[in-house]
Amino acid sequence: AVVSTQSGHYGRGLLALFVCLCVSEAEKQRFNKLTECRVGSGFDCSKGKLRKCAGSPNIKKIRKYCFAMKGHDSMMKELQFIFDGSVKNRQKRMLVPLEAGYSTTPSFEEGSACSVGGGTMTTFDGYSHTLTAGPCTYALALDRSVSKLVVYGVFESHKGGNYANKLSYVAIYVDRTSLVLGEDFDVNYRGIGYDTPAIIDERIVVWRDEQYIYAEALGDDFAVRWDPAGQLRISVGNRYINETLGLCGMFNGDSSIGKEHNSFEHHLGNADMSTHDFGKAWALVGCFHEDTQRTEERVRNCDKHTLSRLCSVTLAAPHLAECLREKKAYGQRYREECIKNLCLCDELDSCIYSETLRISNECRDRSGLQIKNEDLRSYLDGDFIQNYIPKDHVEVPSVSPDKGDVKSYGQPFNYRHFAPDGSCYVYGHNYVHTFDGVDYSADAYGCTYPLVLKEGIQDFTVYGTFQATKSSGKLASSLKYISFFDIKNRVRIQLGQGLEVNYEGTAVQLPYHREFVSIWFDSDQHYVYVYDHDLGVEVRWDGQSVVRIRVDKRYRGSTKGLCGTFNGDKADEINLLRNTRVLPSTFEIMVQEWKLPSCSFNIAAYDEPLFCVYSLADYTSCLNALTDVRFSFCVSDIPPIHFVERCETDLCRCGGDEGCKCEILSAYAQMCQDTIKTDLDWRTDDFCPRDMCLFDNNGCKHDCSPPGVCSCEEGFTLGSDGKSCVLIIDEIYDRV
């Protein structure tokens, strides 16, 4: 301490000196904790760090921060799942199984039965409905006490599809005793497989014949018959009248929708509940289900004429026609159910077999006619039937670099209904112009980042995938891919360089129109447009490095991501996925918090922007380009000075690559055109010519070099049209 020589300050100086000399070791440690345990972006929330800061006065703030970031990280993983397409995956549920015993026959008088086959169920009261929900475990039948009668069905889909059309396992629970029946006559109790006949905990008896496994709950008046090919029958006694819930209905003698569609919440029935919601109401948590509109679109787009012919095939199987001849209504009902099941099936051959088995099992119960499964399978394997079955529906095939032959359905949606209320631009080497008009440098790495999404990960999200200009050297990454996900309607669209467009993982030719989305190419300006008329979102991509995202007014104050919060307040553009009081202090830190968890990059391969040495030559080049007469209409609305700075920075970071300068000029021109509502003819052969090689190889038959020069492989010469190649054969040219 410095002791003042002024008499009035002498005492205070000695006191300060005394206090400094008497600081205890404990006080020093407390001071160190104060400095080390400061709350801020990037704080290490590991258990070790939290224990170390346990005695800090900031510990409450730290815990709140770490709790918020934990939720943020969890939601970021969900975003990653959506981007990877793995949101459709589900965990396989543990299957349980039995001890030796004896065999018997059902010991109670049957009051009614519920049958389940493929994705269709006929309830205890004779009402039929088809599952349109996703692969999951469903409660088929349970008593209202959920103790005496509990039967679950584990439904899967064929080829990883999105609909539950394959019953694979049946789980029976009686009090504390559980039993699972699976494929290949599997009988499981407590994780161990057993042979039949058997008795379990003196509660469940299990036995089998050549085609079925039977299980009865002793004293509880219910039994099941399980065909391992995926067909189930649940029998109950009259004691369960008005006592059941689940997908098998309420066993109340009323087969109307209002008395069959039920849930725990609507245990007396609900006439307003759709079949789709009825299925979802009894699905266990953690499963993916298609949206109703998405399902309806698929049903509308399926070839019902062909499927009707295939369903006729099932009804014509050996001996089934005799069974159905009695009542024509049965045949009509089966046909309608079959068409719906096949519409939602991703492996038609398997679903046709399942439908045939369903009819066969119901015929057996009605008339006693039993047909072997092998005979039905042999019938369907005939060449006449197999040659008629079309290719399986493919929901999300692997991405193909080639243009596919996917047909376009529907007509382009009328654009006059779209009233954009905000625009966000991402361009150059990761610059962002937010919905609220804030400009910042993202300093993004070669990773994928959510550009914009609706708060709570609802309705839609747009991702931008950045790619480093070089594997090492300056920090310079620009947009290479745009991914648009309509979460509400389960639509995935990916845009790459040039005309690379993938819908649901399949390359498509433009224009391409579907139920909710239109995609087209503006050949004059070389833009690819994606317009989702259901959500009010438009994405415009120039095929190289500039994207514009426009949304309508419904998203005001509800967006997140690099494009900001869209609430009219420029002061709160820094945001995270989860609302928290602690926010990053800079845009650069925020951007790195938004990168997807799968992102991996070598930080050592990047130099910080501050290391870049600017030059007068770069500045002059950018200034001359952006103040050229061709941009004279833009100056008053969009002053070019900030673009000159970004252009200079990019030139420096790109090592003088003129292409980086042209990306900034392209963004400036696009934003100007959008503002003044006039197209600019600003590109020339010697001033940022467009790289036409990105667009259908510029028509070149062999090779294309930027900005669009065609060349031929060895043994060929360029044709007179400048695009085709001519084979050289003994001085004679043959056009190929």
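What follows is a short exchange about helix packing, a disulfide and a sheet in this predicted model.

Me: Which residues make the contact of H8 and H11?

Reply: From H8 come Leu307, Leu310, Thr314 and Leu315, while H11 brings Leu348, Ile352, Glu355, Thr356 and Ile359. Sorted by class, this contact has 6 nonpolar, 2 polar and 1 charged residues.

Me: How do you know that Cys311 and Cys338 form a disulfide?

Reply: Their sulfur atoms lie 2.1 Å apart, and because a disulfide is a pair of cysteine sulfur atoms within 2.5 Å, Cys311 and Cys338 qualify as one. Cys311 belongs to helix H8 and Cys338 to helix H10 (residues 328-343), so the pair ties together parts that are 27 residues apart in sequence. The link is left-handed, with -90° about the S-S bond.

Me: What makes E25 an edge strand of the open sheet?

Reply: The sheet has 7 strands in the order E25-E24-E23-E22-E20-E19-E31, with antiparallel pairing, and the edge strands E25 (506-507) and E31 (559-560) each pair on one side only. E25 is joined to E24 (residues 501-503) by 2 bridges, and because pairing needs at least two bridges, these strands count as paired. Within this antiparallel pair, Asn502 has Ala507 of E25 as its bridge partner.

Conventions
Residues are numbered from 1 along each chain as its sequence is written. This is a predicted model: local features need pLDDT of at least 70, side-chain atom pairs count only at pLDDT 80 or more; totals for chains, interfaces and linings use all residues. Side-chain values use heavy atoms; hydrogens and water are left out. Contact means heavy atoms within 4.5 Å. Helices (H or I, at least four residues) and strands (E, at least two) are DSSP runs, numbered from the N terminus. Ala, Val, Leu, Ile, Met, Phe, Trp, Tyr, Cys and Pro count as nonpolar, Asp, Glu, Lys and Arg as charged, and the others, Gly among them, as polar.
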